[in-house]
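Thanks for coming, everyone. Let me put the structure up, and then I will walk you through a few places in it.

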Amino acid sequence: MATLKTALVTGGGSGMGEAACHRLARDGMAVGVLDIDGPAAARVAAAIGEAGGRALAVTADISVRRQVKAAADQVRLAFGPITVLINNAAIESFTAFEDIDEDSWDRLMSVNLKGAYIVTQTVLADMTTAGWGRIVNISAIGAQSGATHMAHYTASKGGMIAMTKSLAIELGAQGVTVNSVSPGFILTPMSRRAIEANLFPVPAEQIYGGYPIPRLGQPEEIAAACAYFVSEEAGYVTGQVLAVNGGAYV
Ligand code: NAD
């Protein structure tokens, strides 16, 4: 019989994080739904419960270590050691490079990159003690292809890919795999906000319409990639970046 596992998903209250929470719960995991937006996390955890799964909503800003520690402790108390982690929470910003101020640069790095470092450090001992762990870092297509007016965001996401590779090397012998899913243009509240505010250099349809698969991606398609990386079957896969982007570049 498969061991019961506990997963923590950051940014679990919306978009891809929400889809990942539902998917991992359906795959039999107990899920800590962590979000800075407490009511959003609570809504997702309640929906998982109604569907017959196990989930606990926890509120934390991933860039604040004591909040993350308190949230992780709540999840451990409810479900046991956290051996699956999806580092998904992030914020974005569209600003011409010369106008990116230091506060904005620091905030993006602090949430998107330092946040993943803090959350990973907070739960890693659970995995190394178990001799088994799965970490998935959500990067972004912009880290691989570049993106206009997103130098700070893409730099933070490039950091996620580099950290993935370094941690994979460091942790492989301890039974912990570390991989990255790099989403393309996925329909979520984040991308919807950007589309509605006309923040892309050309209309959104011109971007995704030119991909080999000419449509927006769905959050569930990112969740499926996460589900593979955290599965038992992916035990020999580490340090990889899976681009789920409709073939945006080939
Ligand atoms: P989203 O905005 O819909 O959801 C992000 C969630 O993270 C929100 O619930 C938000 O409250 C939470 N969050 C933000 N800051 C936080 C913090 N400091 N602490 C805890 N939680 C915090 O975004 P999404 O589109 O689902 O994005 C998910 C991931 O995918 C992000 O890492 C994003 O950068 C990445 N991504 C998105 C796209 C896209 O097209 N939507 C493309 C490439 C990469």
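**A walk through the model**

His 149 sits in the loop between α5 (141–145) and α6. Helices here are DSSP runs of H or I with at least four residues, strands are runs of E with at least two, and both are numbered from the N terminus. This is a predicted model: local features need pLDDT of at least 70, side-chain atom pairs count only at pLDDT 80 or more, and totals for chains, interfaces and linings use all residues. Residues are numbered from 1 along each chain as its sequence is written, and side-chain values use heavy atoms, with hydrogens and water left out.

Back to His 149. Its phi is positive, about 65°, although it is not a glycine. His 149 is partly exposed, with a relative accessible area of 39%. On that scale buried means under 20%, exposed means over 50%, and partly exposed is in between, using a 1.4 Å probe and protein chains only.

Asn 198 also has a positive phi, near 55°, and is a residue other than glycine. Look for Asn 198 in the loop between α7 and α8. Asn 198 is exposed, at 65% relative accessible area.

Now the inside. Which residues have the most contacts inside the largest nonpolar core? They are Leu 24, Val 33, Ile 86, Val 136, Val 181 and Ile 222, in a core of 29 residues. Such a core is a set of buried Ala, Val, Leu, Ile, Met, Phe, Trp, Tyr and Cys residues joined through side-chain atoms within 4.5 Å. Elements giving two or more residues to this core include β1 (6–10), α1 (15–26), β4 (84–87), β5 (133–138) and α9 (219–229). The largest share, six residues, comes from α1.

Take Leu 24. Setting aside residues up to four places away in sequence, Leu 24 touches Ala 7, Val 9, Met 29, Val 31, Val 84, Ile 86, Ala 227 and Val 230. Contact means heavy atoms within 4.5 Å. There is also a second, separate core of 27 residues, which includes Ala 72, Ile 82, Val 111 and Val 176.

Next, strand β5. Is β5 largely enclosed or open? Six of its six residues are buried, so β5 is largely enclosed by the rest of the structure. In a regular strand the side chains alternate between the two faces of the sheet. Both faces of β5 are covered. Gly 133, Ile 135 and Asn 137 are buried on one side, and Arg 134, Val 136 and Ile 138 are buried on the other.

What does β5 pair with? β4 and β5 pair in the parallel sense over four bridges. Two strands pair if DSSP finds at least two bridges between them. Within this pairing, Leu 85 has Ile 135 in β5 as its bridge partner. Six bridges join β5 to strand β6 (residues 176–183), and these two run parallel. There, Asn 137 stands opposite Ser 180 in β6.

On to helix α6, and two threonines. Thr 164 is found in α6. Thr 164 is buried, with a relative accessible area of 0%. Its side chain reaches the backbone oxygen of Met 160 at 2.6 Å. Beyond four places in sequence, the residues Thr 164 touches include Asn 137, Val 178 and Ser 180. Thr 164 and Val 178 are 14 residues apart in sequence, and 5.7 Å apart from C-alpha to C-alpha.

Thr 154 lies in helix α6 (residues 151–171) too. Thr 154 is buried, at 13% relative accessible area. Leaving aside neighbours within four places in sequence, Thr 154 is in contact with Gly 142, Ala 143 and Ala 147.

Last, the rings. How many aromatic pairs does a search of the whole structure find? Four. Rings of Phe, Tyr and Trp (its six-membered ring) pair if their centres lie within 6.5 Å; planes under 30 degrees apart count as stacked, over 60 as edge-to-face, and the rest as tilted. Phe 185 and Tyr 208 form an edge-to-face pair, 5.8 Å centre to centre with 85° between the planes. Phe 185 counts as buried, at 8% relative accessibility. Tyr 208 is buried, at 16%. Ring pairs link Phe 94, Phe 185, Phe 200 and Tyr 208 into a cluster.

Conventions:
Polar contact = N/O pair within 3.5 Å; in protein donor to acceptor, adjacent residues only side chain to side chain.
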